Amino acid sequence: MTATTTTADTEIRAVLAERERAMRARDADALGELFTDDLVSFSLAPPLASEGRDVEALRAWLATFDGPIEFEITEAVIEADGDIAFARSINRLTATPKGSDTPFTLWFRSTLGLRRVDGNWLIAHDHGSTPFYMDPSTGFRAAIDLVP
């Protein structure tokens, strides 16, 4: 491993740690600062894709939860070369939807494409996904009961 890779790995892990912190704090502005202006996002919630950094949409999404939000990035693997990097992980989100007394926990897959911009690593591509049961008798439902 070269010194550049080590430095990139450390810097990108700091981005992931800030993402965890900002999610737990419901800090849409801090989350937005982690993204490039031309972010492409394939998030768990509709639509199928969105483009651009949209702090107001983040703020509105965070407001759909009552109480604390727990967010954990696990099993992160980072590969960087020059000013481009990929990070993959298994993430856990625990939150209580507004109007519900019961929190949910969702484990999901995450792949991030990062780009170094003016010396800082930013998320340019954000893809979160859950596997689904590919059996018609289950209605092809999302496999949200999986735990690593």
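Me: Where is the place of M134?

Reply: M134 sits in the segment after β6; strands (E, at least two residues) and helices (H or I, at least four) are DSSP runs, numbered from the N terminus. Please keep in mind that this is a predicted model, where local features need pLDDT of at least 70, side-chain atom pairs count only at pLDDT 80 or more, and totals for chains, interfaces and linings use all residues. Residues are numbered from 1 along each chain as its sequence is written, and side-chain values use heavy atoms, with hydrogens and water left out.

Me: Is M134 buried or exposed?

Reply: Buried means under 20% relative accessible area, exposed over 50%, and partly exposed in between (1.4 Å probe, protein chains only). M134 counts as exposed because its relative accessibility is 66%.

Me: Which residues make the nonpolar surface patch?

Reply: Patches are made of residues with over 30% relative accessible area and no salt bridge; like charges are joined within 9 Å, nonpolar side chains (Val, Leu, Ile, Met, Phe, Trp, Tyr) within 5 Å. A salt bridge is a side-chain nitrogen of Lys or Arg within 4 Å of a carboxyl oxygen of Asp or Glu. Areas come from the Shrake-Rupley method with a 1.4 Å probe, and for residues only the protein chains shown count as cover. Here F132, M134 and F140 make a patch of about 360 Å².

Me: What does R141 touch?

Reply: Contact means heavy atoms within 4.5 Å. Leaving aside residues up to four places away in sequence, R141 touches F132 and Y133. R141 also lies in the segment after β6 (120–129), and at 41% relative accessibility it counts as partly exposed.

Me: How many aromatic pairs does a search of the whole structure find?

Reply: A pair of aromatic rings is described by the distance of the centres and the angle of the planes. Rings of Phe, Tyr and Trp (its six-membered ring) pair if their centres lie within 6.5 Å; planes under 30 degrees apart count as stacked, over 60 as edge-to-face and the rest as tilted. The search finds 4 pairs. One of them is W61 with F65, edge-to-face because the centres are 5.2 Å apart and the planes at 90°. W61 is partly exposed at 29%, whereas F65 is buried at 7%.

Me: What about F71 and F108?

Reply: Their pair is tilted, with 6.5 Å centre to centre and 35° between the planes. F71 lies in strand β3 (residues 65–81) and F108 in strand β5 (residues 104–117), so the pair ties together parts 37 residues apart in sequence. F71 is buried at 4%, and F108 is buried at 9%.
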